[in-house]
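Got a model open and want to get your bearings? Let's walk through it, one question at a time.

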Amino acid sequence: MPRNGSGVAYKPAGTTAVTGTVIESAKYNSTIDDIYALLNEPTPIVAGGTGATSASAARTNLAVPGTETVNTFTATQKWAKGADVASASTLTLGDDGNYFDITGTTTITAIASKGVGTVVKLHFDGALTLTHNATDLVLPGGVSIRTAAGDEAEFVEYASGDWRCTNFQPAVTGYQTIISQPFGGAASITITDIGAFRLLRFSGSLHGTSVTQSIVVKLSSNNGSSFFSGATDYSRTILFRSNSTNGGAENATPGLELISSVASGQRGSFEATLSDFNVAGEKFMSGTASAVDALGNSVQVTGGRALNNAAVACNAIQLLPTAGTALNGYIHIEGVRA
């Protein structure tokens with residue numbers, strides 16, 4: 001069964017059977033042979049085929065780029081949105097898309113492999129921590145990220161099971177709350193995984209207990225495994241004093257002091273800002289504080305400055321009293337990511 005000049009098969013003349021006549025074997029056999037030949041040769045594009053006997057030749061005939069050819073997109077490309085994924089230590093993404101909502105608050109330390117070269121985009125529904133790892137989960141600047149609802153991140157799997165964040169877009173561009181809670185009698189409060197914040201702002205109150213207390217802030221560069229506590233780690237640690245004396249010598253408990261010497265029965269409030277927290281170099285703190293005695297008399301209002309001598313980026317802090325074993329009052333800490 002031959003094809004015409006356009007590659008379309010046609011029925012030869014004289015091959016149409018007529019009722020009541022003898023079918024000639026030669027014409028019958030010729031037609032069957034033609035059919036078998038057509039079935040075993042490349043079908044032209046005009047007849048619904050590719051005109052080729054190999055995938056490479058088919059792509060060439062169909063003008064479809066292969067894996068060795070640069071793809072040129074001429075229309076909008078849409079990534080499917082997969083089902084929501086619950087946060088987990090090792091995040092396992094579905095195969096139903098490249099864009100996922102991440103729910104929950106569990107710290108993420110790794111992403112399960114989906115094949116080298118895979119690119120995914122994640123939308124975070126709430127606050128959780130992305131923990132930086134030099135190979136498994138490489139984050140911008142080499143610091144962990146504390147997400148907020150609405151944050152977006154893009155990751156590429158650059159080696160099997162190893163992902164790199166190529167873009168992170170925070171939903172909140174101003175101050176973001178890190179912690180806001182009563183001290184509740186805690187002996188100390190440790191906050192880790194805040195290396196994404198360059199500027200920290202502290203505000204709150206201290207309620208004097210049975211001993212005269214101050215609050216100091218210690219800094220860490222290893223996410224809370226240890227804190228700078230040496231006598232020379234902080235210069236002029238006394239930022240605020242709740243009596244008439246301004247300034248002062250090194251405190252017995254090294255750290256950046258938020259409020260000083262609140263005696264039993266007194267209440268003090270404070271507000272301070274710590275700059276350059278997550279970059280190498282000195283960290284400067286400044287602010288104001290005041291204290292009121294049990295009768296409602298104002299004791300003092302002072303301001304000051306303090307700095308930390310650690311020339312490294314920090315990623316965790318600890319608040320603790322200089323005397324006694326418990327803090328009472330309220331603490332609010334917020335930060336700006338940069």
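Below are some questions and answers on this predicted model.

Q: What is the order of the strands in the open sheet of four strands?
A: Start at the edges: S12 (189-191) and S16 each pair on one side only. Pairing in this sheet is antiparallel, and the twist from one strand to the next averages 15°. Reading across, the order is S12-S20-S14-S16.

Q: Over how many bridges do S14 and S20 pair?
A: S14 covers residues 213-220, while S20 covers residues 316-321.

Q: Which residue in S16 stands opposite Gln213?
A: S14 also pairs with S16 in the antiparallel sense, over four bridges. Within S16, the residue opposite Gln213 is Val262.

Q: How many of the residues of S16 are buried?
A: S16 is an edge strand, pairing on one side only. Even so, this strand (residues 256-262) is mostly covered. Buried here means under 20% relative accessible area, and of its seven residues the number that qualify is six.

Q: What share of the residues of the protein chain count as buried?
A: The chain has 338 residues and exposes about 16800 Å², with carbon and sulfur atoms supplying 53% of that area. By the under-20% cut-off, the buried share of residues is 37%.

Definitions and conventions. Residues numbered from 1 in each chain as written. Predicted model: local features only at pLDDT ≥ 70, side-chain atom pairs only at ≥ 80, totals over all residues. Heavy atoms only, no water. Buried < 20%, exposed > 50% of the residue type's maximum accessible area, 1.4 Å probe, protein only. Helix = DSSP H or I, 4+ residues; strand = E, 2+ residues; numbered from the N terminus. Pairing = 2+ DSSP bridges. Areas by Shrake-Rupley, 256 points an atom, 1.4 Å probe, with all protein chains shown as cover. Axes fitted to C-alpha atoms, helices over the stretch in contact; angles between N-to-C directions.
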